[in-house]
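Please read them with the structure open.

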Amino acid sequence: MSAVDAPLQDEVRPGPLDRRGRVKDLSAAHQRNRRRQGFLMALPAYAYLVVFFAVPLLIVVVYSFATRNRFGGTDLSGWNLDSYDGLFTTKFGRLFGFIPYPRVFDDLVFDIVWRSIGLAVLTTVICLILAYPFSYFLATRRPAVRNVMLVFVMIPFWSNFLVRNYAWRILLGNDGPVSQLTEAIGLGETRILFTPTAIVLGLVYGFLPFMILPLYAAIERTDWSLLEASRDLGATGFQTFLRVTLPLSMPGVIAGSILVFIPSLGAYVTPEILGGGKQVLLGSYIVTQFLTARNWPVGAAASTVLMAVMLIATLIYFRKGGRTL
């Protein structure tokens, strides 16, 4: 080997390799290019989220620390916790001069919160009871039937949510088909509209697909050989469901429950249309503070608390179910 050829061989000599057998320098450069391309492709979506999601949320949070003046306006000059203090009351004095301790909800807000939580939990439980058998049946069908059934699940999203609620208002009205059917069979007139039952029916109808789809995604990926092994070992069908099927589908149960509970907790359209405004829920309370009472700080504070609850529920989903779903 001549001395002239030695530098040439040094130039083409490959560098250290990574675990996949690629040159580390080239692999790092390739990853940087891919990250840069991915960021540029996602930049419009990032900008949209910042402008139409992050900024409005920030404005709501800022207004929650503002003060309502005597003319019904909002004063942003002096930040305070009066709006949050207005949502709570204290029995044993104040800690550090401005933080109520211990905090308990004011009587009016307390009733609204528990009424909203109760309806949201009831809606979630009913959706789970209805969606689980359907999702299991859907996951065990052949692909052609499965695709048709999935289209049926998605059909409600093809129409406006407001229109669907008004359709339920017609169905549940005193002169609607439900009341006429009960009169025809001798059960008398049915008065469901403007009751909690009508609200629950509307919420279940509106949010049932949000329970079906995550459950279907979780059940569809089940290793069916585990169910066969359970039956071979002498387990009954119910024992197999409790010890094999349900634990494997738990990520879908968690995801679906959160996707139903969160919008049900802050629902406004369905309680107003089907409940007639007789059942004041969190969504109605917040809208009243903004539009009727013109107390924007209190409305913003209630919205911030509700968003915090939703954020906690979302974090629980990502921690418990989102990683395995």
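1. How many aromatic pairs does the count come to? The count comes to 12 aromatic pairs, where rings of Phe, Tyr and Trp (its six-membered ring) pair if their centres lie within 6.5 Å. Ring pairs join Phe157, Phe161, Phe207 and Phe210 into a cluster.

2. On the basis of these values: this is a predicted model, in which local features need pLDDT of at least 70 and side-chain atom pairs count only at pLDDT 80 or more, while totals for chains, interfaces and linings use all residues. Residues are numbered from 1 along each chain as its sequence is written, and side-chain values use heavy atoms, with hydrogens and water left out.

3. Helix H5 (residues 143–154) packs with helix H8 (residues 196–220) at an angle of about 155 degrees, and their axes are 10 Å apart. H5 is therefore roughly antiparallel to H8 (angles over 145 degrees count as such). Axes are lines fitted to C-alpha atoms over the stretch in contact, and angles run from 0 to 180 degrees between N-to-C directions. Helices are DSSP runs of H or I with at least four residues, numbered from the N terminus.

4. The H5 side of this contact (heavy atoms within 4.5 Å) consists of Arg146, Leu150, Val153 and Met154. H8 contributes Pro209, Ile212, Leu213, Tyr216 and Glu220.

5. Valine 62 lies in helix H2 (residues 24–64). Leaving aside neighbours within four places in sequence, valine 62 is in contact with Leu76 and Trp79. The C-alpha atoms of valine 62 and tryptophan 79 are separated by 8.6 Å, and the two residues are 17 residues apart along the chain.

Terms used:
Helices (H or I, at least four residues) and strands (E, at least two) are DSSP runs, numbered from the N terminus. Angles under 35 degrees count as roughly parallel, over 145 as roughly antiparallel, 65 to 115 as roughly perpendicular and the rest as oblique. Rings of Phe, Tyr and Trp (its six-membered ring) pair if their centres lie within 6.5 Å; planes under 30 degrees apart count as stacked, over 60 as edge-to-face and the rest as tilted.
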